[in-house]
Structure formats: C-alpha cells, structure tokens
Amino acid sequence: MTIVSFPGGSSGLLDPSPGRRPVTYFSNAYVLGLTVTAGIGGLLFGYDTGVISGALLYIRDEFKEVGENAFLQETIVSMALVGAMIGAAGGGWINDRFGRKKATLSADVAFVVGSVVMATAPGAYVLILGRLFVGLGVGVASVTAPVYIAEASPSEIRGGLVSTNVLMITGGQFLSYLVNLAFTQVRGTWRWMLGVAALPAIIQFFIMLFLPESPRWLFLKKDKSEAISVLAKIYDPDRLEEEIDLLSIAYEDEIQSKHGARYRDVFKSKEIRLAFLAGAGLQAFQQFTGINTVMYYSPTIVQMAGFSSNQLALLLSLIVAAMNAMGTIVGIYFIDRFGRRRLALTSLSGVILSLLILSGAFFLQSSDSASLCEVCGNRYGWFAVLGLALYIASFSPGMGPVPWAVNSEVYPEAYRGICGGMSATVNWISNLIVAQTFLSVVGLVGTGATFLIIGAIAILAFVFVVVFVPETKGLSFEEVEILWRERAWGRENSDRRRLLEGGEA
C-alpha cells in the first residue's frame, strides 16, 4: 500500500486501486441495516427528550404536587439530562471495555426499565427515577450509536451513515409530538406517551442479539477471524485486504502501548488533546448556538405573529420538528460530498444571519410595543417566523449532524470510547446549562439581546471551526491519526516521535 498525500496537506494510507467499485449510501444493504438498527438508539434519544413537553401537561393534572411546584416540573424534565450526562460519561468506558454491541444492549435495558417505571409511577418521585433511567439510556446511546455505525462504515460514506443516527434523533422528536397528539384523548394519556418508548428499545435489543460486534473493536480487542468475517460482508475482496492491512497496523500500535487508554491520558498526549478539543468544542457549540432555545421559543414566535391559539403553537412545533428532520436528510447528502468542515461553516453562516433576524424582530417588537398596531405586530411576527425557518434550515444540515460525525471518527481506536463519552458529556452539560439559564437571561436582558448573544456565540463557533477543526471527509481512521500527529508535531517530526514512543498515541 502506498503512502500518498491527502486533502489538507497531510499524508496517509490511501487506496491505490483506480478501478474500485464506487461506494454509495445505498450500495450495501448490510451496512445500511446495521446503521438503521443502531439508529434506533438515536430514535429513542429524540423521542424521550421530546415527549416530556406534552406529557407534562397531563402529569400536572394528575399529580397535584407537580402542578403546584415548578421545581418538581423542572426536575421531571431535566432529570433525563442528568441521567444522560452520567450515561455518556460511563458509556465511553463501557464501549471500550465490553464493546459497542453490549453497550447498545445495556442502553436498551435502561430505556425499557425507565419507560416501565414512568408508565406505572404512583407519584412524582418515582416518575423522576424513571426519567433518570431513561436518561442513562440516552447517554449511553448518544455515545455508542455513532461509534458503532462509523466503525462499520466505508470511509467514503461514513459521514452520511453516522448522520443517519442524527436523522433518527430528529425523527424521534417528530414522532414524540405525533404520539402526544395521538394519546391526548386516550385514558392514561401521559403514561402511554412515556411508556410506549419501551417498544422500540425491545425491538432493538432482540435485533442486536443477532447482529455482529463492531469489526474494528473485534479485530483490535477480541477475535480477528470474526472481525474479518464481518468485514467481508461490508467490502469487496480487494478492498477487504486493504482494510485488514490498515487494522493490522492499528493492532501493532495497540499492542506496543504500555497500557490501555485512561481518562488522564487524553490530556497528556498533544495529538489526543487537539482531537478532543475539536470534538468536544463542536459538541458544546452545537448547544450554545441555540438549537434547543430556538426550538423551545417557537410557540412565542407564533404569538408574536398574532396567533394565540395553542393548537397553532402545537402545529408549529410539528412543522419545526419536520423541518429539522428534513434538514438532516440534506446533511446526509452533503456531508460526504462537501465535507464536515465546509458544511459546518456554511451552516453557521446561516445560523448567524437567522439569529440576527430573530434578534431584530424582537427588538422591533419591544421598542414599538406601546404604540404597535395589529398590522405592524403581524409584520414583525412574520419577520421572526422567517428567522426561525432560516435557523432550522441552516442548523439542521450542518451543526446538527457534523459534531456527531466528527466525534465518531477523530479519535484513535484506543480512545474512541473514552473521548466519545467525554465529548457527549460536554454536549449534555452544555444542553443543561442552556436549558437552565435561557429564561433567566431573557428576563435579565430581554429576548432580542438574548438572541444577539447567541449570535455572537455562533460567530465564535465559526472561528473555532476555522482554527481547530480539520477536514476528515473520506479519510480512514488511520489517516485521521496521522493528521492529528502532524498537526501536533509537524510532518517531519510526527513519524520520528511515533517511533520514539513505540507507536503509542
């Protein structure tokens, strides 16, 4: 195999075969089946984080103490985020120690237990316990699904396949709104809304029993022959030989290491630090650029447009969720054509513009509120709706899937679980911070200024991507390792340092 240069100025092991059959998103039904099955974890991720908004309305009616206590309501909502932080932090270790398949099965168990506990909860505190279990499942799934998909994917379509998991997340959110509508007239309402999530978890559990472990994890950690049999279903014979060669190189590096990956090692190695900075930074900026705040504030934007109906607000939530899912499909198409970096920068450009429009609409509405006529109010309201639509259309194809795709591929094998878990934890912590502070910031500085602040953060995110996030489109995992080594030490020094360290990351 030949050492050649690849985009971005680095060098790596690339395919020398000019006659290779092109790999497309739909070219291998086996890989697509693995992707969709693993993506059920993403579906549950989206469903369980979205369904509580509608269920809470009926929980307040049934449990008097919840209806009278805002803190209890906030705890019911946010306990899933707390569980997700814990699950993501521990999920990385579970992935590396026991494998991606067992991590997925453990997430399914947490989903089922949490759903059953919530559906049968006799009071608020048992319900909170159920939300914690569901959150644990969400956290483990948020780490495991992207890694499992990435490690079973040809590099040419890895971004699109990992982004399919994000499509499942946004689809799960959309499904949660539909389920909320479906069960509003059914006896038990919120118990059905929360309990029905057990069904896809059970389905995934039993399908996963018959699916293989990640071939990369098998090759490097357990059983090479089993790994090769899985790889043979993914690649044609010529490509299979090349993939085995790459894995053999990775295996040699692994056995020359003096110890397994540890959390503190992430910050001791310069190249791993750079990779983690890029991955975790993208996860943090995904939340701090306002996706959950804009989604949350959509009913208020409808009211600004002059429509006060709750039904219209709920309809807008459905439309926004549908736009989010459709935008993710666009991202799946472009992420392996344009690349992760360009897609993120294009996405952030639209996000910045849309946040300026939203901010301007709220400033205009606020400054003219004393004398505003109904026609002007509708005009400013539709101005805000335009900003909302542009935001979703810009965010969903880029900053929605790119952070998850990048985090599934920028870490060496030994650190993929640990770093993936840590960066997912950063995402959930950022999510919780935004959820807990948004309304307080609005109360302190006003809605227009709040969206202006989020716009400034989006500008910082743009600069961050330009400076710290390299392009990884089409690169093998081994080529990505070379990329980080060269970024850390320079091209001339990277190979020399690797030899001196005995192949250790």
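Me: In which helix does Leu161 lie?

Reply: In this predicted model, Leu161 lies in helix H7, which covers residues 158-182.

Me: What makes Leu161 count as buried?

Reply: Its relative accessibility is 0%, and since buried means under 20% relative accessible area, Leu161 falls in that class.

Me: Which residues does Leu161 touch, not counting residues up to four places away in sequence?

Reply: Leu161 touches Tyr25, Val31, Leu32, Thr35, Ile149 and Ser153.

Me: Which residues is Thr184 in contact with, leaving aside its neighbours within four places in sequence?

Reply: Thr184 is in contact with Tyr58, Thr189 and Met193. Of these, Tyr58 is 126 residues apart from Thr184 in sequence, while the C-alpha atoms of the two are 8.7 Å apart in space.

Me: Why does Thr189 count as buried, and what is its phi value?

Reply: Thr189, whose place is in helix H8, has a relative accessibility of 14%; as the limit for buried is under 20%, Thr189 counts as buried. Its phi is near 20°, a positive value in a residue other than glycine.

Me: How do you know that Ser78 is buried?

Reply: Ser78, found in helix H4, has a relative accessible area of 13%, and because buried means under 20%, Ser78 is placed in that class. Leaving aside its neighbours within four places in sequence, Ser78 is in contact with Leu432 and Gln436.

Me: Which residues of helix H2 are buried, and what covers them?

Reply: In helix H2, residues 52-62, the buried residues are Ile52, Gly54, Ala55, Leu56 and Ile59. What covers the buried residues of H2 includes helix H1 (29-50), helix H3 (64-67), helix H4 (70-98), H6, H7 and helix H8 (189-195).

Me: Why is helix H10 described as largely enclosed by the rest of the structure?

Reply: Of the 8 residues of helix H10 (residues 215-222), 6 are buried, so the helix is largely enclosed by the rest of the structure. The buried residues in H10 are Pro215, Arg216, Trp217, Leu218, Phe219 and Leu220.

Me: At what angle do helix H5 and helix H6 pack, and why is H5 called roughly antiparallel or parallel to H6?

Reply: Helix H5 (residues 100-119) and helix H6 (residues 124-151) pack at an angle of about 155°, with their axes 7 Å apart. Because angles over 145 degrees count as roughly antiparallel, that value makes H5 roughly antiparallel to H6. H5 passes H6 in a left-handed crossing, and the residues of their contact divide into 17 nonpolar, 7 polar and 3 charged.

Me: How do you know the orientation of H5 and H9 to each other?

Reply: The axes of H5 and helix H9 (residues 198-208) come within 9 Å and cross at roughly 155°. With the limit for roughly antiparallel set at over 145 degrees, H5 and H9 are therefore roughly antiparallel to each other, and H5 passes H9 in a left-handed crossing.

Me: Which residues of H5 meet which residues of H9?

Reply: Lys101, Thr104, Leu105, Asp108, Val109, Phe111, Val112 and Ser115 in H5 meet Ala198, Ala201, Ile202, Gln204, Phe205 and Met208 in H9. By class, this contact of H5 with H9 has 9 nonpolar, 3 polar and 2 charged residues.

Me: How many residues has the largest nonpolar core, and which have the most contacts inside it?

Reply: The largest nonpolar core has 79 residues, and those with the most contacts inside it are Val266, Leu355, Tyr391 and Val465. Helix H17, residues 340-367, gives the most to this core, with 10 residues. Apart from it lies another core, of 46 residues, among them Leu81, Met118, Val166 and Leu432.

Me: What share of the chain counts as buried?

Reply: Of the 505 residues of the chain, 56% count as buried, and the chain has 23 helices and 2 strands.

Methods:
Residues numbered from 1 in each chain as written. Predicted model: local features only at pLDDT ≥ 70, side-chain atom pairs only at ≥ 80, totals over all residues. Heavy atoms only, no water. Helix = DSSP H or I, 4+ residues; strand = E, 2+ residues; numbered from the N terminus. Buried < 20%, exposed > 50% of the residue type's maximum accessible area, 1.4 Å probe, protein only. Contact = heavy atoms within 4.5 Å. Core = buried A, V, L, I, M, F, W, Y, C linked by side-chain atoms within 4.5 Å. Axes fitted to C-alpha atoms, helices over the stretch in contact; angles between N-to-C directions. Parallel < 35°, antiparallel > 145°, perpendicular 65-115°, else oblique. Left-handed = near helix turned anticlockwise from the far one by under 90°. Nonpolar A, V, L, I, M, F, W, Y, C, P; charged D, E, K, R; others polar.
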